[in-house]
Amino acid sequence: MKVLVATEKPFSKVAVDGIRKIVEDAGYEFAALEKYTSPEELLAAVADVDALIVRSDKVTAEVVEAAKNLKIVVRAGAGFDNLDLAACTAKGIVAMNTPGQNSNAVAELALCFMIYMSRNQLTPGTGSELKGKTLGIQAYGNVGRLVADHARGFGMNIMAFDPFVPAEAMEKEGVIVAKTLEDLYENSHFVSLHIPATEQTKNSIGYNLLSRMPKGGCLVNTARKEVINEEELIKVLREREDLKYITDVATANHAAIAEEFGKRVFGTPKKMGAETAEANVNAGLAAANQIVDFFTTGNKRFQVNK
Ligand code: 3PG
């Protein structure tokens, strides 16, 4: 049995060593392809593997086709929009994620983003505080809930919108439940996105929602760049000189956007939400354990292509 860790953006060494140990202790062969620069390298590396661990690496139909022995692919992380699930299912390959394992890292970054923007990106001048402001959380899942926890410590009011979480569950945690997305945006100084990138959510955050934000509102995106309707974002930033936007992973257009809107926008050059040693270890080791568990007991608990 051969397990490949294929990470264009590599895990920390401690995480890789931990994954290797789990794989080798189970009697399997370990291989790693890190910092690869072309899809061809991945295609070659998967040719003889039984299991694959990736981060945001694209597991396309081509990759699935090239991986003749592949039985399981685990996305070490939450969002699995990088996996071609239909291609996996067609080949009988089990696809999993490791939900919750890197959530705290992303949640801490969301708080960091809010402070960074409130303090003019740490440049001289008068900023503002988080205390007393309302934070609107769009999707109250593993990350959203942690963001709420951390934000409470800063004295923020928490509002959330999530059609998949019962209102009572959110209320029990002191969250003001937004009836609609419009309600969330109208009442939040900050909106923090924690939705996955799906056919329904892609391009869904645009003019209608952003233009409703209160004066000085700031959109915080540690989810996916694809959920933003960038043209409409630009339109609203032009119309509303008070609005701000910060994102983990800038789009190709970001240089032009940054030039036009200056300190009102910020984008990280490479997605860094889950870039902590702790998150690497949590997600990486969970992925390795899930693979061993799958091969030894058939456990498919975190399968996402059911
Ligand atoms: C996730 O979905 O888990 C995060 O976006 C982390 O992605 P990464 O592993 O590419 O950093």
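Colleague: Is cysteine 218 buried or exposed?
Modeller: The cut-offs are under 20% relative accessible area for buried, over 50% for exposed and partly exposed in between, with a 1.4 Å probe and protein chains only. Cysteine 218 has a relative accessible area of 1%. That makes cysteine 218 buried.

Colleague: What kind of model is this?
Modeller: Residues are numbered from 1 along each chain as its sequence is written, and side-chain values use heavy atoms, with hydrogens and water left out. Local features need pLDDT of at least 70, side-chain atom pairs count only at pLDDT 80 or more, and totals for chains, interfaces and linings use all residues, since this is a predicted model.

Colleague: How many disulfides are there?
Modeller: A disulfide here is a pair of cysteine sulfur atoms within 2.5 Å. By this rule the count of disulfides is zero.

Colleague: Which cysteine sulfur is nearest to that of cysteine 112?
Modeller: Cysteine 112 is in no disulfide. Cysteine 112 is partly exposed, with a relative accessible area of 42%. Its nearest cysteine sulfur lies 12 Å away and belongs to cysteine 218.

Colleague: What is the strand order of the open sheet?
Modeller: Strands (E, at least two residues) and helices (H or I, at least four) are DSSP runs, numbered from the N terminus. Two strands pair if DSSP finds at least two bridges between them. In this open sheet of seven strands the pairing is parallel, and the order is 8-7-6-9-10-11-12.

Colleague: What angle does helix 6 make with strand 6?
Modeller: Helix 6 (residues 142-153) packs on the sheet, touching strand 6 (134-138), strand 7 (157-161) and strand 9 (190-193). Contact means heavy atoms within 4.5 Å. Axes are lines fitted to C-alpha atoms, for helices over the stretch in contact, and angles run from 0 to 180 degrees between N-to-C directions. The directions of helix 6 and strand 6 make about 170°.

Colleague: Which residue is the bridge partner of leucine 219?
Modeller: Strand 10 (residues 218-221) and strand 11 (residues 244-247) run parallel, joined by four bridges. In strand 11, the partner of leucine 219 is tyrosine 245.

Colleague: Which strands does helix 11 touch?
Modeller: Helix 11 (residues 254-261) packs on the sheet at about 155° to the direction of strand 12. The strands touched by helix 11 are strand 11 and strand 12.

Colleague: How are helix 10 and helix 11 oriented to each other?
Modeller: Helix 10 (residues 230-239) packs against helix 11 at about 10°, with axes 11 Å apart. Angles under 35 degrees count as roughly parallel, over 145 as roughly antiparallel, 65 to 115 as roughly perpendicular and the rest as oblique. Helix 10 and helix 11 are therefore roughly parallel.

Colleague: Which residues of helix 11 make that contact?
Modeller: Helix 10 contributes Glu230, Ile234, Leu237 and Arg238. From helix 11 come Ile257, Glu260 and Phe261.

Colleague: Which residues of strand 9 are buried?
Modeller: Strand 9 runs parallel to strand 6, with four bridges. Four bridges also join strand 9 to strand 10. Both faces of strand 9 are covered, and the buried residues are Phe190 and Ser192 on one side and Val191 and Leu193 on the other.

Colleague: Which residue of strand 2 stands opposite threonine 7?
Modeller: Six of the six residues of strand 1 (residues 2-7) are buried, so strand 1 is largely enclosed by the rest of the structure. Strand 1 pairs with strand 2 (residues 29-34) in the parallel sense over six bridges. Opposite threonine 7 stands glutamate 34.
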